[in-house]
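Hi there,

Here is the structure I promised to pass along. Have a look at it first, and my notes follow below.

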Amino acid sequence: MTPETTILVAISLPLVGALAIALAGRIGPNIREAATAITSVSLIWVVWGLISTLMEGKRPSIEVSEVMPGLSIAFTVEPLGMLFAALASGLWLINSIYSVGYMRGNKEKNQTRFFVCFALALSATVGVAFAGNLFTLFLCYELLTLSTYPLVAHKGDAATIRSARIYLGVLLSTSIGLFLPAIIWTYTVAGTGDFTVGGILAGKLNDPEIGLLLALFVFGIGKAAVMPMHKWLPAAMVAPTPVSALLHAVAVVKSGVFAITKIIIYIFGIEYLFESPSSEWLLYIAAFTIIVASLVALRQTNIKRLLAYSTIAQLSYVVMATAILKPLAEVGAALHMVAHAFGKITLFFAAGAIYVASKKTEIHQLRGIGRRMPWTMAAFTIGALSMIGVPPTAGFVSKWYILAGAFEANNLVAVFTIIASTLLNAAYFLPILYLVWFEQENEGDKEHGEAPFLAVLALTLTAILTLAFFLFNGPVIELASQVVKGLS
Amino acid sequence: MDLLAHLPALQVVIPMLSAPLIVMLQPRGLAWAGATAVALVSFSIAVALTLAVLDGQALQYAMGGWPAPYGIALSVDPFSAIILLVITGASTAALLAAKPSIDQQIESERQPLFYAAWLLVLSGLVGIVVSADAFNIFVFMEISSLASYILIAGGPDRRALPAVFKYLMMGTIGATFYLIGVGLIYMMTGTLNLADIQDRLGDVTDINPVLVAAGFITIGLALKAAVFPLHVWVPNAYTHAPHMVTVFLSACATKVALYVLIRFDYMIFQATLEDHQVQFALFAMPLAILGILIASAVAMFEGHLKRRLASSSIAQIGYILLGVSFVSMAGLTASAMHMFNHALAKGGLFLAVACLAYQYRDLRLDQLGGAAARMPWTCAAFVVCGLSLIGVPGTAGFISKWLLIISALESGPWGGGLVAIILVSSLMAVVYVWRIVEALYFQAPVEGEGPTSEAPIQMLLVTGFIALLNIYFGLFPQVPLELANSAAALLLEGTN
């Protein structure tokens, strides 16, 4: 298999898997889960196999169809996309293990549809990661929105449908109303939309227009949840927790910040953007989102909504790091995508495990739960510490790089934002940890133990990953550094 | 002469002569089989003609060997090829799927007459497209219109009768206007052959009758094409017609009138009248914009599934007209592509509606709850075609919308505003399509109502195939795009 065909295999594998899951769903749940497992393991094998090719300095690329002259469906593997695809495919396996435990433990309906749509979403995610030009990125981005809609609407009652409508409404209207015009503008100005090292827009646009185009991109990519386009993310929390965990902490939201990062690096070019004063607002809006989302998170009483607002803030970390427009900060942005993924998926897994075991969803109900669910709450603690950025967790590593980039650029706004948000993160996570471990249980709480074994297994794995990333982050940093190689 | 040379004539003659034969096929099922076979042959001829004109050349044909100004002339060029594909393709797809639906809606002794009328519509529509003569266009227009009144009124729904009466009135006014315009042109040039008219109009000194003719022809055809605000006959006619007739007519009937409109305006009036482009743009663009916005808004509030889709059709006609009104290569390409892609999307949607209607007696949205659980394939096909109608990337609808946006940007200083209108109306399409999807997938079923099983396999296969074509032509639109490009180039050749 040449690297070129491997790309196509990686994208179509989850599609084939979706079909297999749908067929296996008619035979029985165990066969169906086996189909999911086989698909995700083979996806990891295929996607991770591309890393070595990439490290040799090759950039395999394949064109599927030239839809119109200059407009083609093409895929290219470059370091940033590789990192994202490897992350999404790896966490899919763990998430599938968790899903089985969660969905069965909760006796959810329509499980076949759930697993089929999950596989479709993964295919779209890999497509986003490997997209070789803006058009392909847009195609996969929209497919991701559509394939995750049934997952958000899974429960099917009136309140869920309303939230799902917000989800679809915000994501589709921003992408059609802002993202698409930005793409068309880029194509008409540059004549191409290929992701090119150094950017394609240099010297083609004048100053105020650059800021405007950047705004169309940043707000058009609603998945990045930069305020005020963030409303869909809390709304999406009505989905079953595995969806929130993998899609709304990793695949979907990271597709958004990944797309913004990729566009800034490969369409605008960081040096070109650095010299354009009209692009500076991005840093401020990201900083604003970080602070405001953290403040809103302080006031949340529902666990998943708190995590959603924390995600909004963490996503803007990536956007802000990218907007610093210095190589070290770009590495930090790439690392933060990974680090936040490990920490946040652990937190969501824990929230779901609590729900399966005790049906608790509110923070004040968690008093003393640490004694009943020690594994889950230990993992939760690790995740929370990683969000704050305490060593020895993953969050520390990426924050270090972002801070280094901010100092390199003498960007005091970024430095201040990082410090302030660290304090805020501590302010909303530490009280929960105290509540969980050191307070007495409420009177009359029902007896329960740990969540189903598969769920606990999955969240333990991701907690270990969160810790391990602090120590063994060499390969990831090497991959992330490839992004900025030749840029500085 | 080999067979290929006679194809333009056979395209019209085969369905026309088969129609009376079909009437005689009384035994149950035979009439359907006969009509479907004829439709398939017509479609094959259209494909063969398309391949013959793929290089951008037009085929000319003289009936009975009589040369052009005296005999009946036919011609096929890339633009007509697109429309021929749409007409014969829609007819074939609808007929292939039709049997269970028609058996349910029309009693068996009247079926042979029904299928005969169907073939007359088919023959009339393709006749309009291949004619190179203004009067023959009128004749074929009448054949197709009269036969389509029968088709629409032929179902069990008595509300179709007032609907068809309205259609008949409006259609006759349109046809009469057209005929008045053609008469004026004949008065000034002494010929009915389109190519001749184009030649001789240049020598006409008194231009006023020609201007009046242009007005009559444009308005008359706009009526037939359901251009906003001349569209009032469409919603009821589509809603109350037998479901398979809606599939056929929604995909192609109004587009054929629009085809003649474009042809006349570009090849005759713009080629000979000074500043006609400007007048045409000023006439067409506001109507197109109003049609897009108002019809989309109406579609958002229609409670009946078929009416909702019919309103959307009026908005889609607006898109086609908008591209035409730019009088540019990019605009015409976009319009020609949208004719093709919209036929795919809307044809597929109405096929899925026909599948639903096979199981549901009432097609109001609040009655359709829970359809997806019982009819998963139908609903999946509906979603795919709906996405194509919205213009989601990866579907055929996106291609034409992209082209339309690009052409709007190139059209002048107001391009940005036009792009905004197109995008806003796309969002409106999201709303009106998604309301249906929610009803199908998430609404609670009405007590005691609802299907027990999927639609017949025959209908499902065709519907699914059309849905897949929507995806295929979204990823590989090269062939229709090439045709649309040559069509645009041919149309612009005449203009000054």
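**A helix in chain B**

Helix H7 of chain B (residues 194-201) has B:Leu194, B:Ile197 and B:Leu201 buried; buried is used for 20 or more other C-beta atoms within 10 Å of a residue's own, with C-beta atoms placed from the backbone. Looking down the axis of H7(B), these buried residues fall within an arc of 55 degrees, so they line one face of the helix; the arc is that of the directions from the helix axis to the C-beta atoms. Their cover includes helices H5 (134-153), H6 (160-189), H8 (208-224) and H10 (243-272) of chain B.

Please keep in mind that this is a predicted model: local features need pLDDT of at least 70, side-chain atom pairs count only at pLDDT 80 or more, and totals for chains, interfaces and linings use all residues. Residues are numbered from 1 along each chain as its sequence is written, while chains are lettered from A and ligands numbered from 1 in the order in which they are written.

Where the chains meet, 20 residues of chain A are in contact with 19 of chain B, contact being C-beta atoms, placed from the backbone, within 7 Å. On the chain A side, strand S1 (61-68), helix H5 (134-152) and helix H6 (158-190) each give two or more residues. H6(A) supplies the largest share, ten residues.

Happy exploring!

Key
Buried ≥ 20, exposed ≤ 12 C-beta atoms within 10 Å, placed from the backbone. Helix = DSSP H or I, 4+ residues; strand = E, 2+ residues; numbered from the N terminus. Contact = placed C-beta atoms within 7 Å.
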